[in-house]
Amino acid sequence: MADCEMCGVGSSKLSDAIIEGTLMKVCKKCGGFGDVIGVEPRSIRYEKPIQKVPRQIFVEDSVLFVIEGAGKIVKDAREKRDLKQSQFASMIGIKESMIHKIETSMMKPDLSTAKKIEKILDVKIVDGYDDPEKGVELNLNDGDLTVGDLIKFKKD
Ligand SMILES: [Zn+2]
């Protein structure tokens, strides 16, 4: 509650008005004598600077690979279990020729195959980080990243 600066009437709804060049708080009635200024607060808008988005990729903290020498591990473990390559192949669900290639290190199994092999033979041929809870943001500067690079970039 304040008093109109023009007529002295108490009012809770006083407006800013410029009356004869002077800014006054006036009641509704007296406001008619001058220019009532809008009461909404001046809003200042800040122009957001345009941000350059760096070229980033999000790499899940899950870098898995089949280890070197996996072939020999697979071969030894398979032979220990008296499994023929053909039997072993059907257990995993891949071709016998693939088993031969894997065991002679001519090729590496893909991760899902490698994990099946690990389960069946109870060996460890997959290595790396597997922590999907965490992630690593990488700035790609140049070239393709290799698995080695990914490990290098990994946050501790
Ligand atoms: Zn008044």
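What pattern does the protein follow, read along the sequence? It goes β-β-β-β-α-β-β-α-α-α-α-β-α.

Before we go on, two bits of housekeeping. Residues are numbered from 1 along each chain as its sequence is written. And this is a predicted model, where local features need pLDDT of at least 70, side-chain atom pairs count only at pLDDT 80 or more, and totals for chains, interfaces and linings use all residues.

Okay, the overall picture. Buried residues make up 14% of the 156 residues here. By "buried" I mean that 20 or more other C-beta atoms lie within 10 Å of the residue's own; with 12 or fewer it's exposed, in between it's partly exposed, and the C-beta atoms are placed from the backbone. Now contacts: two residues are in contact if their C-beta atoms, placed from the backbone, lie within 7 Å. Take the contacts with a separation of 6 or more, and 49% of them are between residues 24 or more positions apart.

Let's start with the hairpin. Strand 3, residues 15–19, and strand 4, residues 22–26, pair in the antiparallel sense over five bridges. To count as paired, two strands need at least two bridges found by DSSP. If you want a spot to look at, Asp16 stands opposite Lys25 in strand 4. There are two residues between the strands, and Glu20 in the turn has a positive phi of about 55 degrees. One piece of background while we're on strands: in a regular strand the side chains alternate between the two faces of the sheet.

On to helix 2, residues 70–80. Which of its residues are buried? They're Ala70, Gly71, Val74 and Arg78. Looking down the axis of helix 2, those buried residues fall within an arc of 100 degrees, so they line one face of the helix. The arc is that of the directions from the helix axis to the C-beta atoms. And here's the background for that: an α-helix has 3.6 residues a turn, so residues three or four places apart point the same way.

Ile73 also sits in helix 2. Is Ile73 buried or partly exposed? It counts as partly exposed, because it has 17 C-beta neighbours inside 10 Å. Ile73 and Lys124 are 51 residues apart in sequence, yet 8.3 Å apart in space, C-alpha to C-alpha. Leaving aside neighbours within four places in sequence, Ile73 is in contact with Val123 and Ile125. After helix 2 comes Asp82, with a positive phi near 55 degrees.

Next up, a pair of helices. The axes of helix 3 (residues 85–92) and helix 4 (residues 96–103) come within 8 Å and cross at roughly 105 degrees. Those axes are lines fitted to C-alpha atoms, for helices over the stretch in contact, and the angles run from 0 to 180 degrees between N-to-C directions. So helix 3 and helix 4 are roughly perpendicular to each other. The cut-offs are these: under 35 degrees is roughly parallel, over 145 roughly antiparallel, 65 to 115 roughly perpendicular, and the rest oblique. Who makes the contact? From helix 3 it's Gln85, Ser86, Phe88 and Ala89, and from helix 4 it's Glu96, Met98, Ile99 and His100. They divide into four nonpolar, three polar and one charged. For the record, Ala, Val, Leu, Ile, Met, Phe, Trp, Tyr, Cys and Pro count as nonpolar, Asp, Glu, Lys and Arg as charged, and the others, Gly among them, as polar.

In the loop between helix 4 and helix 5 you'll find Ser105. Ser105 has a positive phi of about 60 degrees although it isn't a glycine, and it's partly exposed, with 14 other C-beta atoms within 10 Å.

Last stop, helix 5, residues 111–121. Ala114, Ile117 and Leu121 are buried there. Down the axis of helix 5, the buried residues fall within an arc of 55 degrees, so they line one face. On the other side of helix 5, Ser112 and Lys119 are exposed. Leu111 belongs to helix 5 too, and with 13 C-beta neighbours inside 10 Å it counts as partly exposed. Leu111 is 45 residues from Val66 in sequence and 6.9 Å from it in space, C-alpha to C-alpha.

Just after helix 5, Asp122 takes a positive phi of about 55 degrees. Asp122 is exposed, with 10 other C-beta atoms within 10 Å. That's my tour, thanks!

Notes
Helix = DSSP H or I, 4+ residues; strand = E, 2+ residues; numbered from the N terminus.
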